[in-house]
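This briefing covers charged pairs, helix packing, nonpolar cores and one surface patch. The model is a predicted one.

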Amino acid sequence: GLHDALRSGTRLADAGRVRAALIVGSVALATMMLLGAGLVGGSFVRLMRVDLGFRAERVLTGSIVLPEERYDRTRSIQFYAELVRRIGALPGVRVAAVTNLAPFTVGNTAMGWAVAGQEPANKSEMPVASWRIVSPGYFAALDIPLQRGRLFDASDVPDAPRTVVVSETLARRAWGGADPLGRQLALGNGRKLTVVGVVGDVRVLQVDSAPRPTMYFPSSQLPWASMWLAVRASGDPAALAAAVRREVAAMDPALPLAQVQPLAQLVSNATAQPRLTVLVFALFASAALALAVVGLYGLVSFGVAQRTREFGVQLALGAPPPWIVRAVLGQGVGLAVAGVALGILAGVGAAGALRAILFETRPTDGPTYAAVAALLVAVAAAASALPARRASRLDPALALRSE
């Protein structure tokens, strides 16, 4: 009988070690998933705080394509100028403008450039900058700040000298700290334009990419068949959609106004992939955390049930209940600490895989690791608290009589 009892005790000890190893493993997995969720979540928060260089709120956009068979160069200029004037006069409209590409729409327009007089012999060696065709009110519609010089106005007529407004980044790359106003840019197509203004940098292709050097051309000097409206409203921009459609139809009933939507929606669409990534990591991290908590609670409760006689003897001999609580909590928290340590080591090794999807966040961000460790230890203590409280309230007489 003694031999069988000893063998039974050995089997119980082995089973306990296996269960403990499983709990440590589940806590380690939860640690890794929470680290990933924390890093990706922190990256997303920083992404949402990025200064785009313009204000998308209260701006309505819509796309128009003029048929080439009915609109030549002169008619295109006249159509868009009149359309901007009519929409700008609508109630609730602060300013209206057009551009060949609205922010965060599909595609980009880019061209080689150089400081006039410094063009490379091979045009393929020219640096490339994005370019946009805009009407005079575009910068006000998107609230892009003017840094120096002037914006486009009524003087930039088709037969006037060609002008260009450049972004801060392009001005800095071209002339360093010198004043760019009055200087000339040579384009990859051979044209030369005079710089009349410098505006702030904007992010219009990807939220997580650095602002690109950009050139702005006046729509009165470079007509374009396909243009986007940019209408800044004094209230809800969606409320202007019907009125804007009526103005387009009044000028050309056969001309559709497509993709009418607030500019804020285009910005939101640009962050859809990071938002989905955060959601996936959060779901997996939540599932892993729940699994670890349930497993830890079950193991500690089972341990308390197996040590009922032991705790009964200790209580009968005068052990204070807080001592029992500390003993049970120590078991749960100890397993959690071991799992967290293992998970952090594994997380550091695997964090490099997240580098490509993180924005302004280091894969080994110290505060994130510390917050995850503190959270898991606190959760482990909470999961162990109920079994610990139950153990401290055992009736010594009943515990000693139990088998």
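Asp-252 counts as buried because its relative accessibility is 5%, under the 20% cut-off. The side chain of Asp-252 meets that of Arg-70 in a salt bridge, with 2.9 Å from N to O. This pair links distant parts of the chain, with Asp-252 in the loop between H5 and S11, Arg-70 in the loop between S1 and H2, and 182 residues separating them. Arg-70 is partly exposed, at a relative accessible area of 33%.

**Other salt bridges**

- The whole structure holds eight salt bridges.
- Side chains of opposite charge can pair when their charged atoms come close.
- Arg-86 and Glu-247 form a salt bridge in which the closest N and O atoms are 2.9 Å apart.
- Because Arg-86 belongs to helix H2 and Glu-247 to helix H5, this pair ties together parts that lie 161 residues apart in sequence.
- Arg-86 is partly exposed, with a relative accessible area of 26%, whereas Glu-247 counts as buried at 17% relative accessibility.
- A salt bridge also joins Arg-148 to Asp-179, with the closest N and O atoms 3.3 Å apart.
- Here, too, distant parts of the chain are linked: Arg-148 is in strand S5 (residues 146-149), and Asp-179 is in the loop between helix H4 (168-175) and strand S7 (184-187), 31 residues apart.
- Both partners are partly exposed, Arg-148 with a relative accessible area of 38% and Asp-179 at 40% relative accessibility.

- Helix H5 spans residues 241-251, and its buried residues are Ala-241, Ala-243, Val-244, Glu-247 and Val-248.
- Leu-90 sits in the loop between H2 and strand S2 (93-99).
- With 13% relative accessibility, Leu-90 counts as buried.
- Not counting residues up to four places away in sequence, Leu-90 touches Ala-243, Val-244 and Glu-247.
- The C-alpha atoms of Leu-90 and Ala-243 are 7.7 Å apart in space, while the two residues are 153 apart in sequence.

**Nonpolar cores**

- The largest nonpolar core has 44 residues, of which Ile-64, Leu-185, Met-215 and Leu-229 touch the most other members.
- H2 supplies the largest share of this core, five residues.
- Another core, of 31 residues, lies apart from it and includes Ala-141, Leu-263, Val-267 and Phe-359.
- Leaving aside neighbours within four places in sequence, Leu-229 has contacts that include Leu-60, Ile-64, Leu-83, Ile-87, Val-98, Val-244 and Leu-257.

**Nonpolar surface patch**

- Leu-276, Leu-279, Val-280, Leu-283 and Phe-284 make a nonpolar surface patch of about 490 Å².
- Phe-284 is part of helix H7 (residues 272-306).
- Phe-284 counts as exposed because its relative accessibility, 53%, is over the 50% cut-off.

How values were computed
Residues numbered from 1 in each chain as written. Predicted model: local features only at pLDDT ≥ 70, side-chain atom pairs only at ≥ 80, totals over all residues. Heavy atoms only, no water. Buried < 20%, exposed > 50% of the residue type's maximum accessible area, 1.4 Å probe, protein only. Helix = DSSP H or I, 4+ residues; strand = E, 2+ residues; numbered from the N terminus. Patch = residues over 30% accessible without salt bridge, like charges linked within 9 Å, V, L, I, M, F, W, Y side chains within 5 Å. Areas by Shrake-Rupley, 256 points an atom, 1.4 Å probe, with all protein chains shown as cover. Salt bridge = Lys/Arg side-chain N within 4 Å of Asp/Glu carboxyl O. Core = buried A, V, L, I, M, F, W, Y, C linked by side-chain atoms within 4.5 Å. Contact = heavy atoms within 4.5 Å.
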